[in-house]
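Student: Could you walk me through this one with a few questions and answers?
Tutor: Happy to, let's look at it together.

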Amino acid sequence: MSELKQELKEKIIEQLNLEDVSVEEIADNDALFGDGLGLDSIDALELIVMLDKDYGIKLSDPKEGRKIFESVEVMANYIAENRTK
Amino acid sequence: MNKELYIENFAHIRDNKLYLNGKVLFTDASEEFSGFIKAAYKSQDTKYPKFFKMDNLSKLAFLTADVLLNTFPSEENIENTAIILSNRASSLDTDRKHQQSIKDEENYYPSPAVFVYTLPNICIGEISIKHKLYSENSFFIFEHFNAVHLFNYASSLLNSGKADKVLCGWADYDDDKYDAFLYLVGPNGNIKHNKEEITRLYKL
């Protein structure tokens, strides 16, 4: 699980172009949206595409993302339980 | 009666250099635009993380405009500064990236972050958001820099009172080739706002 969390942090930084953020700065339970990393609605859509492309998880309802993308910890748990690749 | 209008300040980004009023603010030997524009952004100490999410056209227009709008006197109200931009390649560079991501039905993963930049006027939105401009704006596509059109439109906005100042110019990006020239038109300054001066400054 810790490998998956590390992988997710690296993907989030790279795919969302978080130029001034390092992996070490993202704690497992940090909020990804709002006051945490400050991601926006386009970032949320980008994460939905990432779940599909990299882990074979299709979210039919974008509102599901609100809970799943709460933190790296929550994301990693969801991916571990639902991944198809 | 038409107002006396002036080109208050102007900025260029071309040939690995960032200029303000003809003076080099930053230069860099990066071979690719991505490296150059990132270094130019950092040189200006502009704390705006969203810059890194922009496409290349928006980065080009945003940074040129930012340098120019930072000259805005603090006692003046920037809010009613209109924006009229133009270029040749529209958003073609980003359009191609998006097209690449959707051409294979077996590997169909269009990026929302790329798709949102598949219009040229998005760069105006980026400038407006950063500087909190609630003003009229337009983006035109021309084969070449069109001083006449920019002059007529800016004059009309200012003489009709629809804007207090107008940020005008050209921001063109395609396939790692780039050229930006923006200028601010308003009631103050030493350079008269006319077609000849706009053309002269563009060619500097």
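Student: What percentage of the 85 residues of chain A count as buried?
Tutor: A word on conventions to begin with: this is a predicted model, where local features need pLDDT of at least 70, side-chain atom pairs count only at pLDDT 80 or more, and totals for chains, interfaces and linings use all residues. Residues are numbered from 1 along each chain as its sequence is written, chains are lettered from A and ligands numbered from 1 in written order, and side-chain values use heavy atoms, leaving out hydrogens and water. Buried means under 20% relative accessible area, exposed over 50%, and partly exposed in between, with a 1.4 Å probe and protein chains only. For chain A, the buried share of the 85 residues is 39%.

Student: What pattern does chain A follow along the sequence?
Tutor: Helices (H or I, at least four residues) and strands (E, at least two) are DSSP runs, numbered from the N terminus. Chain A has four helices and zero strands. Read in order, the pattern is α-α-α-α.

Student: Why is chain A as compact as a globular protein of that length?
Tutor: The radius of gyration is taken over C-alpha atoms, and the globule rule is 2.2 Å times the number of residues to the power 0.38. For 85 residues the rule gives 12 Å, and chain A is as compact as a globular protein of that length because its radius of gyration is close to that, at 12 Å.

Student: How far apart are the mean positions of the positive and negative charges of chain A?
Tutor: Lys and Arg count as positive, Asp and Glu as negative, with His and the chain ends not counted. Each charge is placed at NZ of Lys, CZ of Arg, CG of Asp or CD of Glu. Between the mean positions of the 10 positive and 21 negative charges, the distance is 8 Å.

Student: Why is B:Cys168 too far for a bond with the closest cysteine sulfur?
Tutor: A disulfide is a pair of cysteine sulfur atoms within 2.5 Å, and the structure holds zero of them over all chains. B:Cys168 is buried, with a relative accessible area of 0%, and B:Cys123 is also buried at 0%. The sulfur of B:Cys168 is too far for a bond because the closest cysteine sulfur, in B:Cys123, lies at 13 Å.

Student: Which residues does B:Ile124 touch, not counting residues up to four places away in sequence?
Tutor: B:Ile124 sits in helix H5 (residues 122–131) of chain B and is buried, at 1% relative accessibility. Contact means heavy atoms within 4.5 Å. Leaving out residues up to four places away in sequence, B:Ile124 touches B:Ile83, B:Leu85, B:Asn137, B:Ser138 and B:Phe139.
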